[in-house]
Every structure is written in C-alpha cells, then in structure tokens.
Amino acid sequence: MPDAVVIGSGINGLVAGAMLALDGWQITVVEASDRLGGAIRTDTEVFDGYTVELMSSWHPLFVGGPAFAELEAELSRRGVTYLNTDKPTAVACADGTALLSTDPDATNAAFESLGDLSSWSSCMAEFGSKIDLAFGLLGTDFWRRSAAKFGWTAARRLGRRGVVASGAELLEPASTWLRRDFESPVSRALLAPWALHNGLGPDDASSAFITKVIAAALSQGGMPVPEGGGIRLVDALVGIITNNGGTAVTGTAVTAIEVDGKRVTGARLADDTVLSANTVLASVGPRALYEGLLGQAPGVPAEHVTAASKFTYGRAAMQIHLALSDPPAWTDAALGEAAIVHVLDGLDSVSASVNAAWRGHLPARPTVAVGQPLTVDPSRAPDGGGLLWLQLQELPREVRGDDAGSIDPGDGSWGPATRDAFAERAIDQLRPHITNLDAAIIDRLVLGPAELQDLNVNLVGGDPYGGDCRAHQFAAWRPLSSATGHATGIDGLWHIGASTHPGPGLGGGSGYLVASRLRDQRRRRRFGRRPTGRSSHG
Ligand SMILES: Cc1cc2nc3c(=O)[nH]c(=O)nc-3n(C[C@H](O)[C@H](O)[C@H](O)COP(=O)(O)OP(=O)(O)OC[C@H]3O[C@@H](n4cnc5c(N)ncnc54)[C@H](O)[C@@H]3O)c2cc1C
C-alpha cells in the first residue's frame, strides 16, 4: 500500500511525488498516457536528428520557483543541467524590432532608443521594490497560516493606503498601463504578448501585473531550458521517486477515486485494480475530478460539485514545429539570438486577436511566439541546422468564423483543413521577417487544439493552461469559486495541477504547496502535535 497515489505525471504531480519521496513517503504515480511528463513532451523521432519540445519548452518559472530551490541538488545529481541565455525575448512588429536582455545596460539602451527609458526604469524600480510581494502573492497557499503572515508583511511594508493602491495596480489591464506609460508602439509590442503566456489578453484585469512579473523575471533570470530537453527534468524527478521506493506506471488511467464517507481510500484503475492509499493527489481538471473521478460519492460537498460544473476553459493553442536546414535569417539579425521573438502587428493586434478568439473567430493577424531553442541549447539540431518552436495562443476552442474571412470554419471542430490553413496564416506572418524561411524548411509538424488534447487529456479543447486564467478564476478562486484551495472536502484527497492555484506553467507550484503541507502535517504527527491543515478544509 503506497503512502500516496499521484494521478497524472505532469510537473506538479512529479514535483509533489519527488518532495514526498525525499521525505520518506512511498509514492505511486499513475499516468494515463504512454509517456511521463504531461505537457513536457520531448521528442527525438518527429524530425530525424532534432530534439523537439512538442509542447512546453521554457523553464524560467521552474528555475525561479521554490520547487527547484528545494530539489536542485537531487536534480543535478541525476544529470539535470540548466542552460541559459542573456537574450530571453524580442519583438518584430509593424513599427520595428527590440530586444530585452538580462544585461541592464543593453535593455536600457533598447528602451532609450525607443524613447521609453524612463518609463521602463521607473516601472522596474517601482515594481522591483515589491517584487518579493508579487512572487509571494503568486506562491502563497491562501489556506494556510503562512498566508496571514504574508498579508501582515504586505500591510506593514505598504501601509493601509499602499495595500489599497496595490490592489488597483494588481487589477490594471496591460493595455491601459502600456498606453499610459510607454510612448513607442515597439515597447508596447515587446511587452504586451507576455500576458498571453498566462492565458490572459492585454485588456484583461491583472494582465499588467502578470506582464510586469514576467518582464522582471525574464530581464533578471533569462530563459533557462534543461540541456537535452524537458525529458531530462522528467526523468530526474521520476528517478527521485523510484530511487526512494516509489513507482511510476504509464498507459494506465485512474477511472475512479475511492471514498469511504469523508475519507479517501484509494484509486481505481482502468482494469478495476484498486490502489489503496490514505492520500491521493489528483492532477486533473475540476470537472474531471468532481464529475468524473469522484462520481456521485456522497461525502463530496455539493457546493464543490456545483462550483466545478461552472469551471470554464480558456482559449486554445497551436504548436508548429519547423525543422530547418539553416538557421533562420532574420531581417534584423539580432533577433536570431533571442530565445522567443514575438511576431505581431502591435498591441492592438493582440487585443483584436484575443477578442476574436473569445468570440469563436480565428484572428486575422495572430501573435506568433517564435521560440528558438538552439539559442539556448545548440545540441537540439544537427550542426548548421535550425529549429523553430512556434506557439499561437489566440485560438477559439470551437471555430465559428474567421476574422479574415478566408478560412471556412467547417463544423467548428479544428479538423486538419482548418488547422493547416490557420498554421499557414501564422507562417505567412513570419515571411517578411525571416527571409530564408521557405528555402530552409525541411519538415513541419502542426499540433492543433485537437492534437494537443490527444497528447494530454487535461488540455481540454486545446486550452494549454488548464482553464480560463482570468481574474474570476484565478488565485483564491482557482480551481473553484467556492474557495477550496487544494482541498476537496474529502480527507486525504488533494487537487493539484494547472487548474489549481497558482495556475499553469512549469513552476510546479501546486505540487510544491500541497507536498509542503503534507510533509508539515506528517512531521507534526511524528512529534506528537496536532496537524493544523486538514485536507477537508473548505
Ligand atoms: C503547448 C504548450 C506549451 C507550453 N509551454 C510552456 C512553456 O514553455 N513554459 C511554461 O512554463 N509552461 C508552458 N506551458 C504550460 C505548462 O506546460 C503546463 O501548465 C504544465 O505543464 C501543466 O502541468 P500539470 O502539473 O498541470 O500537469 P499536465 O502537464 O497537464 O499533466 C497531467 C497529466 O495527468 C494525466 N492524467 C490526467 N487524467 C488522468 C487520469 N485519470 N489517470 C491518469 N493520468 C491522468 C495526463 O495524461 C497528463 O499526462 C505550455 C503548455 C502547453 C500545452
């Protein structure tokens, strides 16, 4: 009988499993897919000689987060090496190009040439003075005593009026902030697309805050990736679990969570085997948990079931992978050195594209995030070759129309014709910026919303972020508006993953928070003190 069953081997499940394994727990990870890692899927077969991150690729959230700080020595012992770049991001927009660097002089020079140096400097100085509070807010478990301590620290530092003013700053949309504080359309286009990487759009509440957090993180921490691909991190995390007596099984779905009254007793697998356990961590969406795995279990609080039924998913994504015979020849050669270049018209096109997606329309001028993995890890392609990881994040989950009026939405289901026509629209946007694109493409792979969901059942409708990330479904309201945190109302059953606080990304935040809590509980029990955090909270 394992001490804990972890359902799903995404970053959160593996971080939690590894932390608990190091604390002496026997962990069993059960993964439905044939590969471990969830949205980390490194592939060496799709293009001969190339290492491709089919889905997530960039690890600044992990390297900058608490899970890495805690596991770093164990990971490095198992061969995980992070490579980095001093040029994390750049933009190519209708009004020009710009590059953001970890070298403050270079970034200041870029903003100076755009006429926005004082805006950038004062933003970073002001935001930088409370960046620990910003990261603290994103990393706090709202349902533990430490949250009160965090609130107290913020109140003491900022004062009553400061807290209220920070609330307004926290809610401000990026478009308002960028139009007010930055003169140049290039500065705005450099920063605005980063809101997309947290599932937001530039007109959404809190998108200024998220964009500032990301801008500060990139300009200080660069764009780390594991040498050889995310698989190295997955293998090492699984190694920590198995080296400490645990197991990880693939190709096996958990079909039900077993509950006795108000207490979890185990997980039922597809072949009807039951893994008995007093602790289960479920890295699935809220509907999959409350409507699927828990079924009609009588002990589950009705308000959680109702709240889960109201959980909504966000926009869809598309990944396009291009194997190139040569490095991309950017018209502005400096862009060839940036890890991620956003290619777009400008701030307005991001707003329009996000709005189109929410209306069910294909955007006419989508924002293309052009990832260049070789700028950080040259080992991922044959010598002299090129590799592009393109991400599109302004897609409707169901297609009802096309803002450009040229793609037939068909039955709305993202079939191959819609997928490939839209991929071609995105690639076409790169042509003015990358002069050798057509000549250099050896092979391409397009993963539309349907293919993403096929790879990972948690990516419902191709939503890469496990649910709508707008303010009403974030922080204290993630995963449920009934404010459960990671607790489920069933003792011993914990909800983790991108659908839960602190949301999506490779930080492993929810796995870290729940594992820390479980570890503290067990330590308190060992030393004969009453546990303070019951999983049935909420
Ligand atoms: C295309 C794409 C690109 C991205 N790029 C980046 C990036 O570069 N950097 C970044 O920080 N973030 C990125 N993200 C976001 C980030 O990858 C995800 O938010 C994160 O990986 C989600 O981790 P998770 O722990 O929620 O689990 P997931 O990765 O969603 O994995 C959950 C696992 O649980 C399994 N599972 C579900 N139900 C069951 C069941 N009943 N039984 C057994 N197993 C089950 C699934 O098969 C899956 O493998 C990207 C996401 C996508 C989709």
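The side chain of Arg380 reaches the backbone oxygen of Pro226 at 2.7 Å, and it also makes a polar contact of 2.9 Å with the side chain of Asp377; a polar contact here is a pair of N or O atoms within 3.5 Å, where within protein one atom must be able to donate a hydrogen and the other to accept it, and where residues adjacent in sequence count only if both atoms are side-chain atoms. This is a predicted model, in which local features need pLDDT of at least 70 and side-chain atom pairs count only at pLDDT 80 or more, while totals for chains, interfaces and linings use all residues. Residues are numbered from 1 along each chain as its sequence is written, and side-chain values use heavy atoms, with hydrogens and water left out.

Arg380 lies in the loop between strand 17 (368–371) and strand 18 (386–395), where helices (H or I, at least four residues) and strands (E, at least two) are DSSP runs numbered from the N terminus. Not counting residues up to four places away in sequence, Arg380 touches a set of residues that includes Gly49, Tyr50, Glu53, Pro226 and Leu387, a contact being heavy atoms within 4.5 Å.

Trp358 belongs to helix 14 (residues 347–358), and its C-alpha atom is separated by 8.1 Å from that of Leu395, 37 residues apart along the chain. Beyond its neighbours within four places in sequence, Trp358 is in contact with residues including Tyr313, Arg400 and Asp468.

The table gives the exposure of these residues, with buried meaning under 20% relative accessible area, exposed over 50% and partly exposed in between (1.4 Å probe, protein chains only).

| Residue | Relative accessible area | Class |
|---|---|---|
| Arg380 | 1% | buried |
| Thr28 | 12% | buried |
| Trp358 | 30% | partly exposed |

For the protein as a whole, the secondary structure comes to 18 helices and 21 strands, and buried residues make up 58% of the 538 residues. The C-alpha trace spans about 65 × 55 × 45 Å along its principal axes. Of the contacts with a separation of 6 or more, 74% are between residues 24 or more positions apart.
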